[in-house]
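Me: Could you walk me through this one? I have not looked at it before.

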Amino acid sequence: MGASLQFQFFSCNVLLKGINSTRLSEKLNVTSALKHSQKQGELSLALSGNVDQKKVQKAGKVEHHLWKKRESAGSGQKALNLVRIISGLPNEKESVYGALDKWIAWETEFPLIAAAKALRILRQQRQWKRVIQVAKWMLSKGQGATMATYDALLLAFDMDNRVDEAETLWNMILHTSTRSVSKRLFSRMISLYDHHHVPDKIVEVHEICLHIY
């Protein structure tokens with residue numbers, strides 16, 4: 001069990017690679033020491049949480065597989081059409097949401113695969129405002145609530161200097177999906193806080209990571 005606990009610390013500490021701060025390192029060392037002193041019952045609870053997380057991940061894989069089955073041959077072209085349409089619009093929520101609603105007007109079911117592909121293209125093009133608009137629109141339709149969508153949205157918030165919105169989304173994710181939050185999202189938030197020079201928040205995210213993993 002001791003070896004397992006050490007691996008948990010290592011996994012979360014790897015996310016801090018590249019972040020240099022003596023004060024921050026001291027705080028994280030204290031955090032790690034406190035975690036090592038936890039009682040046997042708390043460790044068992046953490047291990048049980050890891051089992052729950054694996055179950056959630058399995059369910060996610062099944063869902064992704066079903067999406068693949070529903071994917072139509074034209075999803076790539078649909079995605080390109082969407083990117084072309086919204087890239088030429090003014091930066092106004094009403095205009096963008098109106099175009100997105102028109103894009104799905106004749107669909108019998110929400111074109112999730114095409115929308116996700118469009119989101120990836122916009123991310124590759126570094127169109128951060130469009131990434132935010134499309135991701136928020138998808139979520140408003142009750143679609144695309146996945147770790148990949150959240151990751152793209154958090155990155156876009158970071159690049160567009162919208163730290164408050166990133167924090168609001170992050171807190172929502174923790175509240176609704178605590179045990180299934182991927183390490184990639186923890187890494188994303190640590191990078192965001194490092195980018196915007198908020199060391200205390202890095203410590204906070206690191207502590208949550210240690211608690212879960």
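Me: How do α10 and α11 lie against each other, and at what angle do they cross?
Reply: In this predicted model, the axes of α10 and α11 come within 9 Å and cross at roughly 165°. Because angles over 145 degrees count as roughly antiparallel, α10 is roughly antiparallel to α11. The crossing in which α10 passes α11 is left-handed.

Me: Which residues make that contact?
Reply: From α10 the contact draws on Phe-186, Met-189, Ile-190, Tyr-193 and Asp-194, while α11 brings in Lys-201, Ile-202, Val-205, Ile-208, Cys-209 and Ile-212. Sorted by class, the contact of α10 with α11 holds 9 nonpolar and 2 charged residues, with no polar ones.

Me: What about α6 and α7, how do their axes cross?
Reply: The axes of α6 and α7 come within 8 Å, and the crossing angle is roughly 160°, which means that α6 runs roughly antiparallel to α7. The handedness of the crossing of α6 and α7 is left-handed.

Me: And who touches whom there, and of what class are the residues?
Reply: On the α6 side the contact is formed by Leu-112, Ala-115, Ala-116, Leu-119, Leu-122 and Arg-123, and on the α7 side by Trp-128, Arg-130, Val-131, Val-134, Ala-135 and Met-138. The residues of the contact of α6 with α7 comprise 10 nonpolar, 2 charged and no polar.

Me: Switching topic: how many residues are in the largest nonpolar core?
Reply: The largest nonpolar core has 54 residues, and those with the most contacts inside it are Trp-137, Met-138, Leu-154, Trp-170, Leu-185 and Phe-186. The elements giving two or more residues to this core are α4, α5, α6, α7, α8, α9, α10 and α11.

Me: Which element gives the most to it?
Reply: That is α8, which gives 8 residues to this core.

Me: Stepping back, how many helices and strands does the protein have?
Reply: The protein has 11 helices and 0 strands, and 41% of its 213 residues count as buried.

Me: Last one: what share of the contacts is between residues 24 or more positions apart?
Reply: Among contacts in the protein with a separation of 6 or more, 71% are accounted for by residues 24 or more positions apart.

Methods:
Residues are numbered from 1 along each chain as its sequence is written. This is a predicted model: local features need pLDDT of at least 70, side-chain atom pairs count only at pLDDT 80 or more; totals for chains, interfaces and linings use all residues. Side-chain values use heavy atoms; hydrogens and water are left out. A nonpolar core is a set of buried Ala, Val, Leu, Ile, Met, Phe, Trp, Tyr and Cys residues joined through side-chain atoms within 4.5 Å. Buried means under 20% relative accessible area, exposed over 50%, partly exposed in between (1.4 Å probe, protein chains only). Helices (H or I, at least four residues) and strands (E, at least two) are DSSP runs, numbered from the N terminus. Axes are lines fitted to C-alpha atoms, for helices over the stretch in contact, and angles run from 0 to 180 degrees between N-to-C directions. Angles under 35 degrees count as roughly parallel, over 145 as roughly antiparallel, 65 to 115 as roughly perpendicular and the rest as oblique. A crossing is left-handed if the near helix is turned anticlockwise from the far one by less than a right angle, and right-handed if clockwise. Contact means heavy atoms within 4.5 Å. Ala, Val, Leu, Ile, Met, Phe, Trp, Tyr, Cys and Pro count as nonpolar, Asp, Glu, Lys and Arg as charged, and the others, Gly among them, as polar.
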